[in-house]
Amino acid sequence: MMSIVERQEEIIEEFAILDGDMEMTNFYVMELGQKLPEMSEASKIDDNIVKGCQSKVWLTAELQGSTIVYHADSNTAITKGLVSLLVRIFSGQLADEIVTAEVFFPEKIGMERFIGTQRSNGFGAMIKQMKLYALALKSKIEA
């Protein structure tokens, strides 16, 4: 199992191939979103919407053994691609690792150049929600 750091390094390498081409980068992000496993319609409820995102982003988390698995979806292609990157990084990791993880790949791939301020704020809200879920599930493990 790859660590959170290793998964981020892998994403950085993938984006490096695109060499900063904005059109290709946006297309790639949307393509990543298409590969995100389907989220059940039953999970697309208001309680699962990430607050602070301009687009609708649904996010859930569950314990599988001692690791956390995330499920996500969005009503826009770019945002779905962005949340798919976070699901890829954090799913299958231990709660402690998620809570303490530094998310450094956005800066390394120059994400701010292609997503703008609103989406950057929403992206931060997604990270925060994933860490909150990890904290909540960690308390279940320890109980």
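**A pocket, a cavity and some aromatic rings**

Hi everyone, let's start with the largest pocket, which holds about 240 Å³ of space. This is a predicted model, where local features need pLDDT of at least 70 and side-chain atom pairs count only at pLDDT 80 or more, while totals for chains, interfaces and linings use all residues. Residues are numbered from 1 along each chain as its sequence is written, and side-chain values use heavy atoms, leaving out hydrogens and water.

A word on terms. On a 1 Å grid over the protein atoms alone, a pocket is an open set of points with protein on both sides within 12 Å along at least five of seven lines, a cavity is a set where a 1.4 Å probe fits but cannot get out, and lining residues have an atom within 4 Å of a point. Points join across faces, edges and corners, and a volume is the space filled by probe spheres set on them.

So which element gives the largest share of the pocket lining? That is α3, with 4 residues. Both β2 (67-74) and α3 (77-90) supply at least two residues each; helices (H or I, at least four residues) and strands (E, at least two) are DSSP runs, numbered from the N terminus. Among the lining residues are L32, Y70, H71, R88 and V87.

Let's stay with V87, which is found in helix α3. V87 is buried, at 10% relative accessible area (buried means under 20%, exposed over 50%, partly exposed in between, with a 1.4 Å probe and protein chains only). Leaving aside residues up to four places away in sequence, V87 touches L36, Y70, A72 and M130, where contact means heavy atoms within 4.5 Å.

Now the rings. Phe, Tyr and Trp rings (for Trp, the six-membered one) pair if their centres lie within 6.5 Å, and planes under 30 degrees apart count as stacked, over 60 as edge-to-face, the rest as tilted. That rule gives 3 aromatic pairs. One of them, F15 with Y28, is edge-to-face, at 5.3 Å centre to centre and 75 degrees between the planes. F15 is buried at 5% relative accessibility, and Y28 is buried at 17%.

Finally, the cavity. The structure holds 1 cavity of 30 Å³ or more, and the largest cavity has about 50 Å³ of space. Helix α6 (residues 111-142) gives the largest share of its lining, 5 residues. C53, T79 and F123 are among the residues lining the largest cavity.
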